[in-house]
Amino acid sequence: MPAVIDPAKCNGCELCDLYCPVDVIHMEGKVAVVRYPDECWHCGACRLECARDAVRFEFPLAMLSV
Amino acid sequence: MSDRLAHDIETDVAIIGGGTAGLNSAMAAAEAGVRVLIVDKANIVHSGAIAGGIDHFMAYLETGASWDTREAYLGYVGRVAKGAADLEVHDAVFCDELEAALARTEKIGVSLRQSDGRIFRTQAMGQPGPYFINFDGKQLKPRMAMEVKRRKCQVLNRVQVTNLHLHDGELAGFTGFDIRTGEFYRIRAKAVVIATGNTNRMFNAQIGNPFNLWYCPANTGDLHRAAFDAGVALANMEYVRMTIVPKGFSAPGFNAFFGMGAQLVNSLLEPFMTRYHEMGNKAPRNYMVWGALQELKEGRGPIYMDCRHLKPKELEHLFFTLGIDKDTLPEFLLAKGYAKEGCLIEMTVSEPMQARPSELCGSGIRIDRTCASNVPGIYAAGDASDQMGCLHMAMAGGFAAGRHAAAYAKRIALLRPLDPDAIAAEEARVFRPLGRKTGVSYREFENIVRVICTDHFGPVKTELSLNGALGKLDRLDAAHADLRADNMHELMRTHEAMNIHQVAKISARAALARRESRFHPYHYRADFPQTDDANFCGLMVIRKQPGGEIATRFDRLRYAA
């Protein structure tokens, strides 16, 4: 998983969903979910906009291992 | 008639693509007093190449140094982008606009200065002096988005434009759909500015993920394809661009590393770039890539970014500025175990992309000094045009395009009509993949395109390899009828995949016509490995004729000796 959203911290403000430039984050009910993690560009727009510090990045194994 | 919700909108100037160039176009058109509509596939607050930030703005500042003048800068453009940059257009769309672009950047609240108030400039990419202003552009995109709203531009976010429509050979409007709701848009405009960036996801990426890219993976040549189908001439399409990126993460950072004095070394710890260019690590980007490829090919890889000689303060600034351009890069480097001190970072050559061969030109819609294409009403700006690229030209030339488009729109008395039959046919085409129970996914289809492009011209090419690619890519047209999408996100990706496929064909055809090599390795013909200025110093222009036939022509460019 690249961008990872902590559902306990997410307040459902939708900003990460709204601003993701590659449409990978979608609201599911009142929580934002990274629905297409393999299409994440790692630009960090979601984290920049999150006021609740609910977004962190976990780099996929291949990125860190090669 | 379908029961799909549809919207009809009329405007004077429509901006397709709300990245840096598009938003500057919108500001200019609004300032000219016409109605402005911005349409973006994402949200203009964070979309396009600088969605996550930007850290360099190239400029001459007339400070008195011999290299810091308009003439010296244009001399640099002519040397480094010879055969691709049209200096007359460059002078009009960049030099005439630069001073205002710098002022505009600061006026909307983004300082080009360091926290201590000074302007910090660095040198790389063959520049005769430090043309890059290093700045914190993290908020540049959100600020520009605020500015266009302040100027009362209408914004349609999350709408993918699917085709341009003409009336009697002149622009009438365009169609698109909302990538979440599927609502269909029929938009009439007196003029459009196309500012949709370059074409990515066309070649294999370093760890196999087509979204782990240097440039924005949402830029998929959507309007290159649509404009080409509408008869718009394109140029610089044969170039396949690459850069040097950290192993595992295709992130920008090239300017920051070399601007701060880092150097490439091979696995013998030899700095090798002076073997390939007299300016060593300050050489133009294509030479850096060429040098790296030779070291890798000859068995002296991996290659590394050697930062061990940098002072702690310089390293601190380097890691800070890497995070301005790519928010997640510093933590990636730390997660890989690179400490800031004694830093020797493994690098590699990035994925190829279809894009400009230099920071000093573009790749796409052939524009004149007024940013106009050959089709009345269609203008272009930024990476989507053949003469603008990079932040500095998107900021400066984007504004010029908007101003010229607005002036054109003011001269047009009436909106031209959209043909109802053509619009109905387009609506059926756009949504066809949704109705299919079985079929091919965009992932499978796009992967086939990537394999063909990588094997045949990614980046080395010959007449045989290009003809082979065109044969395979032409046969793949039939697969469009089998593409299936299960939701709106997949429908967007499916159209992106088809557009990448068509741009690949345009690129291969243009490459076939350029029987020389230029900007090695961005256009490297193994059957014509030398640069041939006598016959090919200029633009290969490619255009679909009214009958559907594809033709190329050569526009010679001239430079001072």
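Chain B has an average pLDDT of 97, and 100% of its residues score at least 70; pLDDT is the predictor's confidence in each residue, on a scale from 0 to 100. This is a predicted model, in which local features need pLDDT of at least 70 and side-chain atom pairs count only at pLDDT 80 or more, while totals for chains, interfaces and linings use all residues. Residues are numbered from 1 along each chain as its sequence is written, and chains are lettered from A and ligands numbered from 1 in the order in which they are written.

**Confidence**

- Helices (H or I, at least four residues) and strands (E, at least two) are DSSP runs, numbered from the N terminus.
- For the complex, the predictor gives an ipTM of 0.98 and a pTM of 0.98.

**Contact between the chains**

- Chain A gives 22 residues to the contact and chain B gives 26; two residues are in contact if their C-beta atoms, placed from the backbone, lie within 7 Å.
- On the side of chain A that touches chain B, the elements giving two or more residues are helix H1 (15–19), helix H2 (45–49) and helix H3 (61–65) of chain A.
- That side of chain A has 16 nonpolar, two polar and four charged residues.
- In this count Ala, Val, Leu, Ile, Met, Phe, Trp, Tyr, Cys and Pro are nonpolar, Asp, Glu, Lys and Arg are charged, and the others, Gly among them, are polar.

**A hairpin in chain A**

- Strand S2 (residues 25–28) and strand S3 (residues 31–34) of chain A run antiparallel and are joined by four bridges; two strands pair if DSSP finds at least two bridges between them.
- A:Ile25 has A:Val34 in S3(A) as its bridge partner.
- Two residues lie between S2(A) and S3(A) in this hairpin, and A:Gly29 in the turn has a positive phi of about 70°.

**Sheets in chain B**

- One open sheet has three strands in the order S3-S5-S4, with antiparallel pairing.
- Strand S3 (56–58) and strand S4 (120–122) of chain B each have a single partner strand, so one side of each has no neighbour in the sheet.
- From one strand to the next, the twist averages 35°; axes are lines fitted to C-alpha atoms, for helices over the stretch in contact, and angles run from 0 to 180 degrees between N-to-C directions.
- S3(B) is joined by three bridges to strand S5 (residues 132–134) of chain B, and B:His56 has B:Asn134 in S5(B) as its bridge partner.
- Another open sheet has four strands in the order S17-S10-S21-S22, with antiparallel pairing.
- Its edge strands are strand S17 (364–365) and strand S22 (550–556) of chain B, each pairing on one side only.
- Strand S10 (residues 234–235) of chain B is joined to S17(B) by two bridges, and B:Ala235 has B:Gly364 in S17(B) as its bridge partner.

**Helix packing in chain B**

- Helix H5 (residues 222–229) and helix H14 (residues 488–513) of chain B pack at an angle of about 60°, with their axes 8 Å apart.
- Residues making this contact include B:Arg225 and B:Phe228 of H5(B) and B:Val503 and B:Ile506 of H14(B).
- The contact residues of H5(B) and H14(B) divide into three nonpolar, three polar and three charged.
- H14(B) also lies across S10, strand S21 (538–544) and S22 of chain B, running at about 135° to S21(B).
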